[in-house]
Amino acid sequence: MNNTLKHIIRLIVLLLLQGLLINNLHFLGVFHPYIYILCLLFLPSSLPRWVELLIGAAVGLVMDAICSTAGVHMAACVAVSYFRPLMISRLVQDVNRIGSQICSATLGNWQFTALSGVMIILHHTLVMLLEAWSVAHLGWLIMSILLSSLMTFVLVFLYDRTQRW
């Protein structure tokens, strides 16, 4: 299966899984994993910047339609799509060795962990701050961001490990 088709199928499956299953699970009102971010994290590094931003905007727009939010996910996904190439260039000296697949096998465990962690925290912080539109309950907000990011990171880590098989 070629890489483009693989990425499109992954995107559709993750959006459906997020919209139909994960958004309907309530994890103590604090955990809000957003696994659809996987499709942005695993995009090839060879994509032109404008294509990556367009994909981020489209993914965010679909999630906004699913979640009935007004641009919250789109803003977060565009931010992730904007900062991801910058993070990759900071973490990896030889970007050509990555090839068309971003994962721990091509980046290395430490670099992939750092990239995923920063992008997930950025995404979750933006989504939850824009949804709350207030810092009145700052402790609850920080706890929600950290726990949701941790849960999403664990799911991303598990997905990455299954891709090696």
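Visitor: Which residues form one aromatic cluster?
Guide: F42, F112 and Y159 do. Rings of Phe, Tyr and Trp (its six-membered ring) pair if their centres lie within 6.5 Å; planes under 30 degrees apart count as stacked, over 60 as edge-to-face and the rest as tilted.

Visitor: And how many aromatic pairs does the structure hold?
Guide: Five.

Visitor: What should I know about the source?
Guide: This is a predicted model: local features need pLDDT of at least 70, side-chain atom pairs count only at pLDDT 80 or more, and totals for chains, interfaces and linings use all residues. Residues are numbered from 1 along each chain as its sequence is written, and side-chain values use heavy atoms, with hydrogens and water left out.

Visitor: What sits over the ring of Y82?
Guide: The charged end of R49, 4.5 Å from the ring centre. The criterion is NZ of Lys or CZ of Arg within 6 Å of the ring centre and within 35 degrees of the ring normal.

Visitor: Helices now. At what angle do α4 and α6 pack?
Guide: About 155°, with the axes 9 Å apart. α4 covers residues 72-91 and α6 covers residues 109-132. Helices are DSSP runs (H or I, at least four residues), numbered from the N terminus. Axes are lines fitted to C-alpha atoms over the stretch in contact, and angles run from 0 to 180 degrees between N-to-C directions.

Visitor: So parallel or antiparallel?
Guide: α4 and α6 are roughly antiparallel. Angles over 145 degrees count as that, under 35 as roughly parallel, 65 to 115 as roughly perpendicular and the rest as oblique.

Visitor: Who makes the contact?
Guide: On α4, the residues include V80, F83 and M87; on α6, they include L115, V118 and L122. Contact means heavy atoms within 4.5 Å.

Visitor: What does A114 touch, sequence neighbours aside?
Guide: Leaving out neighbours within four places in sequence, A114 is in contact with M87 and L91. A114 itself is found in α6.

Visitor: Last one. How do α1 and α3 pack?
Guide: At about 25°, axes 10 Å apart. That makes α1 roughly parallel to α3. The contact is made by L11, L15, Q18 and G19 of α1 and V59, V62, M63 and I66 of α3. By class, that is six nonpolar, two polar and no charged residues.

Technical notes. Helix = DSSP H or I, 4+ residues; strand = E, 2+ residues; numbered from the N terminus. Nonpolar A, V, L, I, M, F, W, Y, C, P; charged D, E, K, R; others polar.
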